[in-house]
Amino acid sequence: MARLVGVPLFLWLVLIEADWWALGLLVFAGLSDWLDGKLARVLNQTSKLGMVLDPAADRLYIFATLVGLTIRDIIPLWLVVLLVAREVAILPIAPIVRRLGYGGTLPVHFTGKAATLCLLYAFPLLLLGDHDGGAGTTAKVVGWSFAIWGTALYWWAAVLYWTQTRQLVLAGRASPPDPAPDPDPPPGPPPDAAEEPAEGAPPGAGSAARRSERSQNSG
């Protein structure tokens, strides 16, 4: 939750060009997220809310960085369009999965985690690359490398999510519906009751009774 609160502060720091403070906040958010996740696994306190909020916080930080770096002309508009289009492309997945009876979210693929990690590395480096000097030039080159790889993996993860969603849809169509319960049987003895002799009757009494009944009907 603290990471979500820090998103608008991070964007404001980027816009006023307080880059070192913005980077410090980003590092602090990343470390706190890592520590929180490790403690949750050690104490076995993972929750569905955390599984939803963590990817949401990552996306918001990426979005805030995109907005800030675009306003400052550090990254081009086409990169923003590519990343926003990817988010739009996976929007229908949640209602589809929810309609199939799942929780509305799919497990995060390793490819998606790698893509997010690349982008979270790329944007701070591009922010540093906006400064003069050899360190700035190196940061820009490395930052663009992470940005390109991260964008490609981001789209590949979207393909994997849609593939998984398609498999769930096909599995839902293939599963037969639950059989309807049988209606209440009509009152009266079961069909084979006449074939069984009464308790205590001698063997063959049932067959003799049926032969007698047929002879009476024929007469």
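Patches are built from residues with over 30% relative accessible area and no salt bridge, joining like charges within 9 Å and nonpolar side chains (Val, Leu, Ile, Met, Phe, Trp, Tyr) within 5 Å. The model is a predicted one, so local features need pLDDT of at least 70 and side-chain atom pairs count only at pLDDT 80 or more, while totals for chains, interfaces and linings use all residues. Numbering runs from 1 along each chain as its sequence is written, and side-chain values use heavy atoms, with hydrogens and water left out.

**View A. The whole chain, before zooming in.**
The protein has eight helices and zero strands, and the pattern along the sequence reads α-α-α-α-α-α-α-α. Helices (H or I, at least four residues) and strands (E, at least two) are DSSP runs, numbered from the N terminus. Of the 219 residues, 28% are buried; that label means under 20% relative accessible area, with exposed over 50% and partly exposed in between (1.4 Å probe, protein chains only). Among contacts with a separation of 6 or more, 75% come from residues 24 or more positions apart, a contact being heavy atoms within 4.5 Å. The accessible surface comes to about 14800 Å², and carbon and sulfur atoms own 67% of it. Those areas come from the Shrake-Rupley method with a 1.4 Å probe; for residues, only the protein chains shown count as cover.

**View B. A nonpolar patch on the surface takes in Trp 12.**
Look for Leu 9, Trp 12, Leu 15, Ile 16 and Ile 71, which together make up a nonpolar surface patch with about 490 Å² of accessible area. Helix H1 (residues 2-15) gives the most to this patch, with three residues. Trp 12 sits in helix H1.

**View C. Glu 17 and Asp 73 both have a positive phi.**
Most residues other than glycine have a negative phi. Glu 17 isn't a glycine, yet its phi is positive, at about 65°. You'll find Glu 17 in the loop between H1 and H2, exposed at a relative accessible area of 55%. Asp 73, also a residue other than glycine, has a positive phi near 60°. Its place is the loop between helix H3 (48-71) and helix H4 (77-89), and Asp 73 is exposed with a relative accessible area of 69%.

**View D. Trp 78 and Trp 144 stack.**
A pair of aromatic rings is described by the distance of the centres and the angle of the planes. Rings of Phe, Tyr and Trp (its six-membered ring) pair up if their centres lie within 6.5 Å; planes under 30 degrees apart are called stacked, over 60 edge-to-face, and the rest tilted. By that rule there are three aromatic pairs. One of them is Trp 78 with Trp 144, a stacked pair at 6.3 Å centre to centre and 25° between the planes. Trp 78 belongs to helix H4 and Trp 144 to helix H7 (residues 134-174), so this pair ties together parts 66 residues apart in sequence. Trp 144 is partly exposed, with a relative accessible area of 23%.

**View E. Arg 86 sits over a ring and pairs with Glu 87.**
The charged end of Arg 86 lies over the ring of Tyr 154, 3.8 Å from its centre. That call needs NZ of Lys or CZ of Arg within 6 Å of the ring centre and within 35 degrees of the ring normal. A salt bridge, in turn, is a side-chain nitrogen of Lys or Arg within 4 Å of a carboxyl oxygen of Asp or Glu, and the count comes to three. One of them joins Glu 87 and Arg 86, with the closest N and O atoms 3.0 Å apart. Glu 87 is partly exposed at 22% relative accessibility, whereas Arg 86 is buried at 1%.

**View F. Salt bridges that share partners link Asp 19, Arg 72 and Asp 130 into one network.**
Arg 72 bridges to Asp 19, with the closest N and O atoms 2.6 Å apart. Arg 72 is in the loop between H3 and H4 and Asp 19 in helix H2, so the pair ties together parts 53 residues apart in sequence. Helix H2 spans residues 19-42. Asp 19 is buried, with a relative accessible area of 3%; beyond its neighbours within four places in sequence, Asp 19 is in contact with Val 14, Arg 72, Leu 127 and His 131. Arg 72 also bridges to Asp 130, the closest N and O atoms being 3.2 Å apart. Asp 130 is in the loop between helix H6 (110-128) and H7, so its pair with Arg 72 ties together parts 58 residues apart in sequence. Arg 72 counts as buried at 14% relative accessibility, while Asp 130 is partly exposed at 39%.
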